Amino acid sequence: MKLVESILTKNPCYTAGKKITIKGLMLHSVGCPQPKASVFINSWNSASYTAACVHGFIDGNDGTVYQTLPWNHRGWHCGSGSKGSGNDTHIGVEMCEPACIKYTSGANFTCSDTATAKAVAKRTYEAAVELFAYLCEKFGLDPTADGVILSHKEGHSRGIACFSVGLSGCFLLPT
């Protein structure tokens, strides 16, 4: 796994400096056709970007993991649910998506290049598995324990994430 530190030092989430006790990991998908982690990093590293902040991005082009918050900082990645917020307990990581998809409504999309889409999905998934294994070891988390590794949807089902955060402005990002 290639892990590059690229902390979003200008983002208000980082400057707030709130810390968490890490109890788990939450995997997200960026929700738009953008494979380049650098596009998000460049856009989000601003004092005026208050929509979201995650601990890391997995680049769709090469699988590089970019750490964008210190692991123990409170991120803004899942909102809140009826039982609180996974932002207070979970590290949030976004997997970038292939440029060849086009969302049609909600989670539905079309794909103009299935082979590329599958390659990006495989690359980001494999990097996520390696990253989560590393983080579980680093923080003494049992990856098989209930609630330790969740998707955003699973976080919502448990009452610790909103229905859908979405990446505000995602569709406005350059490709």
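Predicted model: local features only at pLDDT ≥ 70, side-chain atom pairs only at ≥ 80, totals over all residues.

- Six strands make up an open sheet, in the order 1-4-3-5-2-8, with mixed pairing.
- Strand 1 (3–5) and strand 8 (149–151) are the edge strands; each has a single partner, so one side of each has no neighbour in the sheet.
- On average, neighbouring strands here are turned by 25 degrees against each other, direction ignored.
- As background, strands in a sheet pair through backbone hydrogen bonds, and they can do so parallel or antiparallel.

**Zooming in on strand 5**

- Is strand 5 mostly covered or mostly open? Strand 5 (residues 90–95) is mostly covered, with six of its six residues buried.
- On one flank, strand 2 (residues 24–29) runs parallel to strand 5, and six bridges join the two.
- Within that pairing, leucine 27 has valine 93 as its bridge partner, and histidine 28 sits opposite glutamate 94.
- Strand 3 (residues 56–58) also pairs with strand 5 in the parallel sense, this time over three bridges.
- In this second pairing, glycine 56 stands opposite valine 93.
- Glycine 92 belongs to strand 5, and with a relative accessible area of 0% it is buried.
- Leaving out residues up to four places away in sequence, glycine 92 touches Met26, His28, Val54, His55, Gly56 and His77.
- Glycine 92 and serine 80 are twelve residues apart along the chain, and their C-alpha atoms are 13 Å apart.

**Helices across the sheet**

- Which strands does helix 3 lie across? Helix 3 (residues 114–139) lies across strand 1, strand 2, strand 3, strand 4, strand 5 and strand 8, and runs at about 165 degrees to strand 5.
- Threonine 124 is in helix 3, and its 2% relative accessibility is why it counts as buried.
- Beyond its neighbours within four places in sequence, threonine 124 is in contact with Ile58, Asp59, Gly60, Met95 and Cys96.
- Helix 2 (residues 37–44) lies across strand 3 and strand 4 (65–67), running at about 155 degrees to strand 3.

**Salt bridges**

- Side chains of opposite charge can pair up when their charged atoms come close.
- How many salt bridges are there? The count comes to three.
- Arginine 74 and aspartate 88 meet through their side chains at 2.5 Å, N to O. Both are in the loop between strand 4 and strand 5, 14 residues apart.
- Lysine 122 and glutamate 126 form a salt bridge at 2.6 Å, N to O. Both lie in helix 3, four residues apart, which is about one turn of the helix.
- Arginine 158 pairs with aspartate 146, with their closest N and O atoms 2.4 Å apart. Arginine 158 is in the segment after helix 4 (152–157) and aspartate 146 is in the loop between helix 3 and strand 8, so this pair ties together parts twelve residues apart in sequence.
- Aspartate 146 is exposed, at 66% relative accessible area, whereas arginine 158 is partly exposed, at 32%.

**A patch on the surface**

- Met1, Leu3 and Tyr134 make a nonpolar surface patch of about 240 Å².
- Methionine 1 sits in the segment before strand 1, and its 38% relative accessibility makes it partly exposed.

Technical notes
Residues numbered from 1 in each chain as written. Heavy atoms only, no water. Buried < 20%, exposed > 50% of the residue type's maximum accessible area, 1.4 Å probe, protein only. Pairing = 2+ DSSP bridges. Axes fitted to C-alpha atoms, helices over the stretch in contact; angles between N-to-C directions. Contact = heavy atoms within 4.5 Å. Patch = residues over 30% accessible without salt bridge, like charges linked within 9 Å, V, L, I, M, F, W, Y side chains within 5 Å. Areas by Shrake-Rupley, 256 points an atom, 1.4 Å probe, with all protein chains shown as cover. Salt bridge = Lys/Arg side-chain N within 4 Å of Asp/Glu carboxyl O.
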